[in-house]
Amino acid sequence: MSALPNSRLVEPLAGRQRVALIGQGYVGLTLAMRAVEVGHSVVGFDVDEERVKRLAAGESQVGDIEPARITDALASGRYLPTSRVDDCALFEVAVIAVPTPLRDGMPDLSHIESAARSLARHVRAGSTVILESTTYPGTTEEMLVPILELGSGLAAGVDVSVGYSPERIDPGNTTWTLTNTPKVVSGFDDRSLEAVKAFYDTLVERTVVVASTKEAELTKLLENTFRHVNVALVNELAMFADDLDIDVWSAIDAASTKPFGFMRFEPGPGVGGHCLPIDPTYLAWRAKSRLGRPFRFVELANDVNEHMPDYVVRRLSASFNADRRVLNGSRVLLLGVSYKRNTGDASETPAVEIARQLHQMGVDVRAADPHVPPRWADPVLTMVDLTRDEVSSAEAVVVVTDHDDFDYDLVRKHARYVLDTRHRLDGPRVEQL
Ligand SMILES: NC(=O)c1ccc[n+]([C@@H]2O[C@H](COP(=O)([O-])OP(=O)(O)OC[C@H]3O[C@@H](n4cnc5c(N)ncnc54)[C@H](O)[C@@H]3O)[C@@H](O)[C@H]2O)c1
């Protein structure tokens, strides 16, 4: 193992490269681990010093990455987590995987901007820079390229390769992983595309080439908007079906037997994470700001999905009312806080909105979720363990996230009433969304 000049890293294996991964969150860390495993030398740069310290100590903050993968990567000498951007010097390929949130309902690209600025001074002739963050079509060409060119004095497509490759990681999915999920790749020009494709061909089983960075950016937003709209469709259907006294879940089961032309989506308490509540809005914003036209499907889907927590609270309130009980002064136990089954990610979770509304009505809101890290907390709910005592002393249990490892028998046996938003339980005291 020979050391890289002026670096704490060792040389990559033969045929592999020196990679800088900007952002060591869910996407960046997953890519970093894979890159080290196939022989690249990786600097994992993150502005969050605490996160970097934990990574350097072999601690994983990403549910799907076992700590052993991090300690193995560190032991190989080819993984360096750091909060010093100068450690990225000498990179051959850089991948930017930083957050793209909304601010006041509009795309906030400040993280991409600052990542690109930090990187630009280390860009050299022959370098490749790839954006992975989800963003509206045009970002790579119109924002990333000018920042890199200005900061490096080099020209994209001439001296430097630039590309976009959207991430398709699905947290908690053990069947479709980074390696076996086809990866869309694109380049600013033909040479860039070649460099981008060659890099990802070392990481994944199959790359899918598209004609431009804009097309790749749109591909990602199409995938997420498709899910967002279809989830909204079944959510709205669930509300109608309940009023019409029809079992929507049976109808979905029956429709799912059609071998073509139908894809199963399920209703729920609302959407969370990044893909559904945020990404489609990037596309709608671009259509509106460029063309002056609303993207009506996205607006409608946002409207339906954002109001699902209200609907859950309304259903709970109606069932209390039917029994001449009041929510005020009662105790409600939420089962699951994360936005997605078997994961610990509570970002944008509908559980918080449900808890907030119940809290305002004078409810003592408690929540059990073994997947959410203990340091996660929200002022409107008290985190508890799922025990017989917690279940039986709550007037209602609301299944928000149906993690596989919950003891549903315990809930079935001891709950006084269950509102199940995920169709996980059955029994005389269980009501489905
Ligand atoms: N998590 C997913 O499942 C998923 C899937 C597909 C796409 N994406 C997209 O990938 C991007 C990253 O998402 P994520 O889930 O990894 O986010 P994350 O919040 O888990 O991690 C992002 C990391 O970037 C760091 N960071 C922010 N600004 C930085 C800067 N200027 N320089 C260096 N580091 C910086 C943050 O400290 C954080 O650790 C987003 O655009 C997201 O929409 C995420």
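First, the ground rules. Residues are numbered from 1 along each chain as its sequence is written, and side-chain values use heavy atoms, with hydrogens and water left out. Since the model is predicted, local features need pLDDT of at least 70 and side-chain atom pairs count only at pLDDT 80 or more, while totals for chains, interfaces and linings use all residues.

Let's start with strand 7, residues 128–131. Helices (H or I, at least four residues) and strands (E, at least two) are DSSP runs, numbered from the N terminus. In a regular strand the side chains alternate between the two faces of the sheet. Here T128 and I130 point one way, V129 and L131 point the other way, and all are buried. By buried I mean under 20% relative accessible area; exposed is over 50%, and partly exposed is in between (1.4 Å probe, protein chains only).

What about the partners of strand 7? Two strands pair if DSSP finds at least two bridges between them. Strand 4, residues 93–96, runs parallel to strand 7 and is joined to it by 4 bridges, with V93 opposite T128. Strand 8, residues 161–164, also pairs with strand 7 in the parallel sense, over 4 bridges, and V129 has V162 as its bridge partner there. From strand 7 the chain crosses through helix 5 (residues 139–152) to strand 8, in a right-handed β-α-β crossover. Right-handed means that, with the strands pointing away from the viewer, the path from the first strand over the helix to the second runs clockwise.

Now to charges. How many salt bridges does a search of the whole structure find? The count is 31, where a salt bridge is a side-chain nitrogen of Lys or Arg within 4 Å of a carboxyl oxygen of Asp or Glu.

One of them joins R121 and D86, at 3.3 Å from N to O. R121 sits in the loop between helix 4 (110–120) and strand 7, and D86 in the loop between strand 3 (79–82) and strand 4, so the pair ties together parts that are 35 residues apart in sequence. R121 is exposed, at 51% relative accessible area, whereas D86 is partly exposed at 39%.

Another salt bridge pairs R331 with E390, at 3.6 Å. This one links distant parts of the chain, 59 residues apart: R331 is in strand 11 (residues 331–335) and E390 in helix 13 (residues 388–392). E390 is buried at 14%, and R331 is partly exposed at 21%.

That pair belongs to something I'd like you to look at on screen: R331, D364, R366 and E390 are linked in a network of salt bridges. R366 lies in strand 12, residues 364–368, and counts as buried because its relative accessibility is 17%. Its side chain makes a polar contact with the side chain of D364 at 3.3 Å. A polar contact is a pair of N or O atoms within 3.5 Å; within protein, one must be able to donate a hydrogen and the other to accept it, and residues adjacent in sequence count only if both atoms are side-chain atoms. Leaving aside neighbours within four places in sequence, R366 is in contact (heavy atoms within 4.5 Å) with residues including R331, T382 and E390.

For V47, a backbone N or O atom is 3.5 Å from a ligand nitrogen.
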